[in-house]
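Hi,

Here is the structure I promised to send over. Have a look at it first, and my notes on what turned up follow below.

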Amino acid sequence: MQAFIYQGPGQKALEDRQKPEILAPTDAIVRVTRTTICGTDLHILKGDVPTCKPGRILGHEGVGVVDQIGAGVSSFKRGDSVLISCISACGKCVYCRKLMYSHCTTGGWILGNTIDGTQAEFVRIPYADNSLYPIPDGADQEALVMLSDILPTGFECGVLNGRVQPGATVAIVGSGPIGLAALLTAQFYSPAEIIMIDLDDNRLEVATRLGATSTVNSADGKAVEKVMKLTGGHGVDTAIEAVGIPATFELCQGLIGPGGVIANIGVHGTKVDLHLEALWDRNITITTRLVDTVSTPMLLKSLQARKIDPTLLITHRFKLPRILDAYETFGHAADTRALKVLIEA
């Protein structure tokens with residue numbers, strides 16, 4: 001089969017690999033029909049994720065068709081159409097019993113990280129009964145790819161951890177796919193204001209179309225001043241960090257109002273300063289999280305009910321043999337105006 005391989009920091013290739021095999025009774029082999037590229041994959045290519053070693057097939061999102069099942073798989077059979085969760089969960093360990101699937105002692109975020117992932121024609125899915133979801137008849141498979149990771153990540157790590165409430169003021173720093181996913185799902189809770197902040201006017205324009213009440217281009221270094229003006233000097237109730245660099249986390253610290261919540265989504269590969277000298281007396285909560293995908297069933301129902309349309313995030317489509325072009329497009333989003341790139345295997 002063809003597969004996209006991480007070869008070390010800054011190095012990547014499309015290679016021929018052996019089709020994966022069942023290694024445990026709870027495994028399934030899925031023929032991937034559609035996958036995508038995540039910002040986390042770009043972090044891996046930069047060398048920011050040391051758990052991912054050279055030679056790994058990347059990717060942790062996608063939909064497909066069950067090709068084989070292990071003897072212990074009871075919820076799926078060969079030929080079933082499935083959504084692949086970015087998180088693999090045994091369902092039995094101490095963390096799974098707390099619904100913290102991301103910290104499963106033998107699973108978690110392993111696809112495209114510590115085991116081979118979905119940017120290939122076939123992928124092995126551990127704990128298939130807990131890590132795959134049946135695709136409803138007639139569902140839009142392109143939309144479903146967005147439910148593998150970015151929709152539950154934006155919702156769980158940003159909106160739920162950020163304690164977004166009706167009438168609240170929310171700032172989302174970063175209008176890339178994850179930030180826009182947080183924007184879409186924050187609207188479940190009817191906040192009064194959602195302020196999107198980014199360096200890219202095109203992405204801010206997209207954010208306005210998707211429901212942002214205000215946008216701020218932070219290129220001039222005056223984002224805090226602009227947001228304070230929008231909020232009457234109070235700051236925001238929730239600041240969601242959706243980039244993963246020191247500057248954007250520090251910006252969130254400047255935006256947050258007394259009693260507010262800073263919810264981190266971004267993958268941080270370098271040290272970030274925490275300004276307790278400014279925040280120690282302001283009743284601030286800071287939350288961190290890796291997506292647990294506990295919200296996926298709810299998001300599936302919301303998608304079926306047409307309460308949310310994640311296909312709005314898809315800007316480019318490629319076939320698997322052109323995945324290097326897809327990475328080039330996604331990695332230069334400021335020039336290509338890419339949000340999510342869909343890859344058809």
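Helices (H or I, at least four residues) and strands (E, at least two) are DSSP runs, numbered from the N terminus. Please keep in mind that this is a predicted model, in which local features need pLDDT of at least 70, side-chain atom pairs count only at pLDDT 80 or more, and totals for chains, interfaces and linings use all residues. Residues are numbered from 1 along each chain as its sequence is written, and side-chain values use heavy atoms, with hydrogens and water left out.

Now the six-stranded sheet. It is open, with parallel pairing and the strand order β11-β10-β9-β12-β13-β14. At its edges are β11 (214–217) and β14 (285–287), each with a single partner strand, so one side of each has no neighbour in the sheet. Ignoring direction, neighbouring strands here are turned by 15° against each other on average (axes are lines fitted to C-alpha atoms, for helices over the stretch in contact, and angles run from 0 to 180 degrees between N-to-C directions). Inside this sheet, β9 (residues 169–173) pairs with β10 (residues 193–198) in the parallel sense, over five bridges. Thr-169 is the residue opposite Glu-193 of β10.

Two helices to look at pack on that sheet. Helix α5 (residues 177–186) touches β9, β10 and β12 (236–241), and its direction makes about 175° with that of β10. Contact, by the way, means heavy atoms within 4.5 Å. Helix α8 packs there too, touching β9, β10, β12, β13 (256–264) and β14, at about 155° to the direction of β13.

α8 (residues 246–255) also meets α7 (residues 223–230): their axes come within 9 Å and cross at roughly 30°. On the α7 side the contact involves Ala-223, Val-224, Val-227 and Met-228, and on the α8 side Leu-251, Gly-254 and Leu-255. By type, those contact residues are six nonpolar, one polar and no charged (Ala, Val, Leu, Ile, Met, Phe, Trp, Tyr, Cys and Pro count as nonpolar, Asp, Glu, Lys and Arg as charged, and the others, Gly among them, as polar).

There is also a three-stranded open sheet, antiparallel, in the order β2-β1-β4. β2 (11–16) and β4 (56–57) are its edge strands, each with a single partner, so one side of each lacks a neighbour in the sheet. Six bridges tie β1 (residues 2–8) to β2, and Ile-5 has Ala-13 as its bridge partner in β2. Helix α11 (residues 323–331) packs on this sheet, touching β1 and β2, with its direction at about 155° to that of β2.

Next, β16 (residues 340–344). It is largely enclosed by the rest of the structure, because four of its five residues are buried (under 20% relative accessible area; exposed is over 50% and partly exposed is in between, with a 1.4 Å probe and protein chains only). Strand β3 (residues 28–36) joins β16 antiparallel through three bridges, while β15 (residues 314–319) runs parallel to β16 with five bridges.

Finally, which residues does Ser-85 contact, leaving aside its neighbours within four places in sequence? They are His-60, Leu-111, Ser-131, Tyr-133, Ser-148 and Thr-293. Ser-85 is in the loop between β6 (81–84) and β7 (122–125), and its relative accessible area of 4% makes it buried.

Cheers

Definitions and conventions: Pairing = 2+ DSSP bridges.
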